[in-house]
Amino acid sequence: MSKYLCDTVDLSKVKDRKERFRIFSSLAMKNYMMNGKWSREELLLKGILERIGLQEKVHYWHNWKLHNREQTGYFELDFFIPRLRLVIEVDGEIWHRIDNSQEKDSRRDRWLREIGYTVVRISTRDIRERLNEVELFLRRLVEERSSAIHQMSTVWCREEVQSSR
């Protein structure tokens, strides 16, 4: 038996489009809560990050609440990788149909870029249908960012040694 509720309901039998969406949304939220607030696609992405060598709560955090001092409240980030100054967002088709969600995302992305983070958005469809390509892209990105950070820290160390002479 599947641990996902939407696998147990045949939505094709529900004729009304709004009712079908309401049932699907409700089941999706229940799935999300049952799986420790991880969507299927987020779990797949977690697997990719682990294969790359990143460990949860060591190198990255899931559903991290980053406080925004310019506004009251915080932004919740799907995958927050502070050492690499990287944020990965999983964009689901359902949630991006909700009013203002894309506007909120672009406002949050702009703020994150202003404070020096790179924001990567990956659609749930790409994760489901092109997982190998997503993994290759993220592997390259993490390697590039890690290499750049290593080079910067090497330069900083050299500058400290030279200034102390």
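**View 1. Aromatic pairs, with Y60 and F79 as an example.** The structure holds 6 aromatic pairs, and the model in which they are described here is a predicted one. One of these pairs is formed by Y60 and F79, whose rings are tilted, with 5.9 Å from centre to centre and 50 degrees between the planes. Because Y60 belongs to the loop between helix 2 (40–52) and strand 1 (61–67), while F79 belongs to strand 2 (residues 74–81), this pair ties together parts that are 19 residues apart in sequence. Both partners, Y60 and F79, are buried.

View 2. Four residues, W61, W64, F80 and Y117, form one aromatic cluster.

**View 3. A lysine over a tryptophan ring.** Here the ring belongs to W38, and the charged end of K46 sits over it, 4.9 Å from the ring centre.

View 4. E42 lies in helix 2 and is buried, yet it has no salt bridge. What the side chain of E42 does reach is the backbone nitrogen of S39, at 2.9 Å.

View 5. Once its neighbours within four places in sequence are left aside, I52 is in contact with L138, R139 and V142. For L138, the C-alpha atom is separated from that of I52 by 8.3 Å, although the two residues are 86 residues apart along the chain.

**View 6. The whole protein, as a setting for the close-up views.** The protein contains 5 helices and 4 strands, and from the N terminus on its elements run in the order α-α-β-β-β-α-β-α-α. Of its 165 residues, 35% are buried, and Y60 and F79 from the opening view are both buried residues. Among the contacts in the protein with a separation of 6 or more, 57% are accounted for by residues 24 or more positions apart.

Conventions. Residues are numbered from 1 along each chain as its sequence is written. This is a predicted model: local features need pLDDT of at least 70, side-chain atom pairs count only at pLDDT 80 or more; totals for chains, interfaces and linings use all residues. Side-chain values use heavy atoms; hydrogens and water are left out. Rings of Phe, Tyr and Trp (its six-membered ring) pair if their centres lie within 6.5 Å; planes under 30 degrees apart count as stacked, over 60 as edge-to-face and the rest as tilted. Helices (H or I, at least four residues) and strands (E, at least two) are DSSP runs, numbered from the N terminus. Buried means under 20% relative accessible area, exposed over 50%, partly exposed in between (1.4 Å probe, protein chains only). A charge sits over a ring if NZ of Lys or CZ of Arg is within 6 Å of the ring centre and within 35 degrees of the ring normal. Lys and Arg count as positive and Asp and Glu as negative; His and the chain ends are not counted. A salt bridge is a side-chain nitrogen of Lys or Arg within 4 Å of a carboxyl oxygen of Asp or Glu. A polar contact is a pair of N or O atoms within 3.5 Å; within protein, one must be able to donate a hydrogen and the other to accept it, and residues adjacent in sequence count only if both atoms are side-chain atoms. Contact means heavy atoms within 4.5 Å.
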